Amino acid sequence: MKAAIYYGVKDIRVEDIPVPECGDNDVLVKCVRCGICGSDTGSYLIGGHVGGNAPGRRIGHEMVGYITEVGKNITELNVGDRVFVNPMKAMPLGEADMLGGFGEYVCVPDAKIGHNIYLLPDHLPYDDAVLIEPFSVGTRGKNVTKVKPGENVIVYGVGTIGLCCIASLVAQGIKPIAVVRSNKRKELLEKLGAIVCNTSEVDLFQFVREQFGMARARVGYPIPNVDVLVDCAGGPQVPEEFVKMAKSGSRMAVVAIAKEPRPIPARLMSTEAIIQGSCNFDYDDVMEVIGNLADRKTCIPEIVTHHFKLEDINEAMLLAGARQEAIKVVIDLE
């Protein structure tokens, strides 16, 4: 079989390696699609210490495909089943990025439905299903806040995860404000169902007041009526801006990895607001995403902008890392 092996900065080689052995409790999955993640491009452009990929290892973790071999102790899965592989549960702790989705076959050890394997509906195309992993990360970002329909939500950042978070909110019946600094993705955001706030053109707080109305801070002064903020950008100003809009019980989920430390605003105490991390995803997030994709509740599959063959993976990594033309870049393995 052919597989992409990571060796270092701008050095990924497609090599012939043995097909993994399928043990008695395992399944062998034929990879059909695998998306390129920001951790992959971080490894490719900066180094494996950034993206979690070790030299000499297979890479790729946003994968979907179908089962070609089943271990003798497996009873709930069958050859031909179309599946999403959860990399966090299919790999040892800390090695999820090295699942090997940029290769023809992946062995999933101790395979269990709802743990490291999820069945795909028959009518869900692989071209859409390849978004399950990043869509689940974005969905987790809003789910940790326990957001409810009728609440007012702001999302910072409109990369892949931000767009997926917005789509998950829209699918739940919530029309969020997307905070951006350019109109580059305005048309797509509006098609998804977001309200676009370009802070290079308008004042953020005035815009939010006009869209969501006003509320009272816990200590009495008037503030924009914001219930939830999901940070998929990691900008240094986001915590401070959240606190300026925070009423008692407002929640902020931090999905993004900030490039530098961000101080906790002094006024957080007087708001009794909550700032919470959001990491990866759980079972409920994945099931929600599969339902959203299968029922086509949003146009999120349109964020897949480019497809490449495995042998062109270096070109694909460069495009995905540039973030100018591309949003989600996918490797086609079949």
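Colleague: Let's start with D285: which residues is D285 in contact with, leaving aside its neighbours within four places in sequence?

Modeller: Bear in mind that this is a predicted model. Leaving aside those sequence neighbours, D285 is in contact with S136, T139, R140 and N143. With N143 there is also a polar contact, side chain to side chain, at 2.8 Å.

Colleague: Where does D285 lie, and in which helix?

Modeller: D285 lies in helix α11, which covers residues 283-294. As for how to read a helix, an α-helix has 3.6 residues a turn, so residues three or four places apart point the same way.

Colleague: Is D285 buried or exposed?

Modeller: Buried, because its relative accessibility is 2% and the cut-off for buried is under 20%.

Colleague: On to the sheet. How do strands of a sheet pair?

Modeller: Through backbone hydrogen bonds, either parallel or antiparallel. Here three strands make an open sheet, ordered β2-β1-β4, and the pairing is antiparallel. The edge strands are β2 (11-16) and β4 (57-58), each of which pairs on one side only.

Colleague: How many bridges do β1 and β2 pair over?

Modeller: Six bridges, with β1 spanning residues 2-8.

Colleague: Which helix lies across β1 and β2?

Modeller: That's α12, residues 313-322, and α12 runs at about 150° to β2.

Colleague: And what does α12 have to do with α1? What do the buried residues of α1 pack against?

Modeller: They pack against β1, β2, β3 (27-35), α2 (48-51) and α12. Helix α1 itself, residues 38-45, is mostly covered, with six of its eight residues buried. Those are S39, D40, T41, G42, S43 and Y44. Just after α1, look at the backbone of G47, where phi is positive at about 150°.

Colleague: Now the rings. How is a pair of aromatic rings described?

Modeller: By the distance of the centres and the angle of the planes. Searching the whole structure turns up two aromatic pairs. Take F84 and Y118: the ring centres are 6.0 Å apart and the planes sit at 45°, so this pair is tilted.

Colleague: Which parts does that pair tie together?

Modeller: F84 belongs to strand β6 (residues 82-85) and Y118 to strand β8 (residues 117-119), so the pair links parts that are 34 residues apart in sequence. F84 counts as buried because its relative accessibility is 1%, and Y118 is buried too, with a relative accessible area of 3%. Together with Y283, F84 and Y118 form one aromatic cluster.

Colleague: One loop to finish. Where is the place of E201?

Modeller: E201 is in the loop between β11 (195-198) and α8 (204-212).

Colleague: Why does E201 count as exposed?

Modeller: Because its relative accessible area is 55%, and exposed means over 50%.

Colleague: And which side chain does the side chain of E201 make a polar contact with?

Modeller: The side chain of N183, at 2.8 Å. E201 and N183 are 18 residues apart in sequence, and their C-alpha atoms are 9.7 Å apart in space.

Technical notes: Residues are numbered from 1 along each chain as its sequence is written. This is a predicted model: local features need pLDDT of at least 70, side-chain atom pairs count only at pLDDT 80 or more; totals for chains, interfaces and linings use all residues. Side-chain values use heavy atoms; hydrogens and water are left out. Helices (H or I, at least four residues) and strands (E, at least two) are DSSP runs, numbered from the N terminus. Buried means under 20% relative accessible area, exposed over 50%, partly exposed in between (1.4 Å probe, protein chains only). A polar contact is a pair of N or O atoms within 3.5 Å; within protein, one must be able to donate a hydrogen and the other to accept it, and residues adjacent in sequence count only if both atoms are side-chain atoms. Contact means heavy atoms within 4.5 Å. Two strands pair if DSSP finds at least two bridges between them. Axes are lines fitted to C-alpha atoms, for helices over the stretch in contact, and angles run from 0 to 180 degrees between N-to-C directions. Rings of Phe, Tyr and Trp (its six-membered ring) pair if their centres lie within 6.5 Å; planes under 30 degrees apart count as stacked, over 60 as edge-to-face and the rest as tilted.
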